Amino acid sequence: MLQVPFIRENKAEVIERLSKRNIDAVKMIDAVIVLDEKRRSIQAQLDTVLAESNTISKQIGGLYKSGKVEEANVLKAKTGELKEKSKTLAETLTTVEGELKDLLYQIPNVPHDSVPVGNSEADNEELLRAGDVPKLHEGALPHWELAKKYDIIDFELGNKIAGAGFPVYKGKGARLQRALIAYFLDTNTAAGYTEYQLPHLVNEASGLGTGQLPDKEGQMYHVTEDNLYLIPTAEVPGTNIFRDVIVNESELPISITGYTPCFRREAGSYGAHVRGLNRLHQFDKVEIIRVEHPSKSYKALDGMVNHVKSILEALKLPYRILRLCSGDTSFTAALTYDFEIFSTAQDRWLEVSSVSNFETFQANRLKLRLKNNDGKKELAHTLNGSALALPRILAGILENYQKEDGIHIPEVLQPYTGFAKID
RNA sequence: GGAGAAAUGGCAGAGUGGUCGAAUGCGGCAGUCUUGAAAACUGUUGAGGGUCACACCUCCGGGGGUUCGAAUCCCUCUUUCUCCGCCA
């Protein structure tokens, strides 16, 4: 959520920057300013009425004490009118505040200056391509075939138990999943992130805090009985640790990591591109989250990018880094870098991480503030990224590391898997 | 799930209808003292709205009500604790 004072003071700039997202924000921004003025004017009127009413109440108290009941009753009669007035004003205020909030919920974050203009993923800017694409033997298979051949992932079984998009990992497949989670967590904690285990269901306030609600309501599984949502990413419970929190500047940066399963309804996805592990309703992910001082958040973002890079390099997977274009950058993010690994067997790039700076967009909804060293309060910046999402990493390992005699496990993972080959 | 108790500032904890945004202690911050530190002492220290700045308004778990006036009374929801039941 953008900050109203920022919108008010930088109206033209906000509209200009939002236009990068192909949004004509003129009407919305004007409406925000009008509603905010209305809000403040009504607030002021209400305050005046309440002030008068408070004064009279105090006088009545004094009169009663000195036994002047008659005079007190005269004043009492006066308060009825004030009460009516304040009630009406308070109702109007609630309405206007609601309208303003609804409107603000509809306005996405303003993209960072470096974000290239574009409509789709085709316009994303490739910044780096690294790692060797292996030459596979004749008859190399895509991961869903490999999964069947070595009996490590059973998609049909998952289908039976839950439905499409809920794979069952077994044997060395299950162990490899566990190894990846442990390896990622160890790597992240070694880099200074504190490990958390977080709830997998969250309440409505948390969904609003990080921006999944109301914008992406249909993408989350909703447990209506208890009004809870299954998390689509650890970003939601992880970032909401800091909802309604004021941190001291000296406590920054805050760096946390956590493994969670992620649940996504993926309404509207279909076809060959969602085959196998490419798109799932339930998958595992290790997330990194940071809370930063605004002056340091972009440096932190670079640090996170380098961290993810180092993991992919350790796994020896061919990858590239993209700077997402305005059309592909999510609603809440100001700047996002995507990591993709190249799957030789599928001959396509697979997204494995998305690292974003949300600046104050989430913090404003979360009311996550920092008290700087001068004692002044301002909104903090939040960031997060995957380090990493499992399914496509697994797909990449299976496909890129396949040899005729089986799938060779990347060296760094072997201490975690306890085996060097799946055959 | 049943019975009872409770929810107040960073923490602990007073406050049961008016002068309470709220005693006191701890913690935090600043200062005095000290070569420095500790101790001791002094001062200061919640959040939001509003204003150029004040004034002023709101907030004592959430929501609603009674009253001229609510942290205080009533209703309701949530959460926590104790006991019982069930249970990985």
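**A strand and its surroundings**

Tutor: Let's start with strand 10 and strand 16, which run antiparallel and are joined by 7 bridges. (Strands are DSSP runs of E, at least two residues long, and helices are runs of H or I, at least four, both numbered from the N terminus; two strands pair if DSSP finds at least two bridges between them.) Before going on, note that this is a predicted model: local features need pLDDT of at least 70, side-chain atom pairs count only at pLDDT 80 or more, and totals for chains, interfaces and linings use all residues. Residues are numbered from 1 along each chain as written, chains are lettered from A and ligands numbered from 1 in the order written, and side-chain values use heavy atoms, without hydrogens or water.

Now find Thr382 in strand 16: Val291 stands opposite it. Glu359 stands opposite Thr382 too. Strand 13 also pairs with strand 16, again antiparallel, over 4 bridges. How buried is strand 16? Its residues are buried in 9 cases of 9, so the rest of the structure largely encloses it; buried means under 20% relative accessible area with a 1.4 Å probe, protein chains only.

Next, look at helix 12, which covers 390–400. Helix 12 is mostly covered as well, with 11 of its 11 residues buried. Among them are Pro391, Arg392, Gly396, Glu399 and Asn400.

These elements come together at the largest pocket. Strands 10, 11, 12, 13 and 16, along with helix 12, each supply at least two residues of its lining. Strand 13 gives the largest share, 9 residues. The pocket holds about 1,600 Å³ of space. Of its 48 lining residues, Arg264, Arg279, Glu351, Ser354 and Arg392 are the closest to the centre. (A pocket is an open set of points on a 1 Å grid where a 1.4 Å probe fits, with protein on both sides within 12 Å along at least five of seven lines; lining residues have an atom within 4 Å of a point. The volume is the space filled by probe spheres set on those points.)

What is the lining made of, by residue type? It divides into 14 nonpolar, 19 polar and 15 charged residues, with Asp, Glu, Lys and Arg counted as charged and Gly as polar.

How values were computed
Buried means under 20% relative accessible area, exposed over 50%, partly exposed in between (1.4 Å probe, protein chains only).
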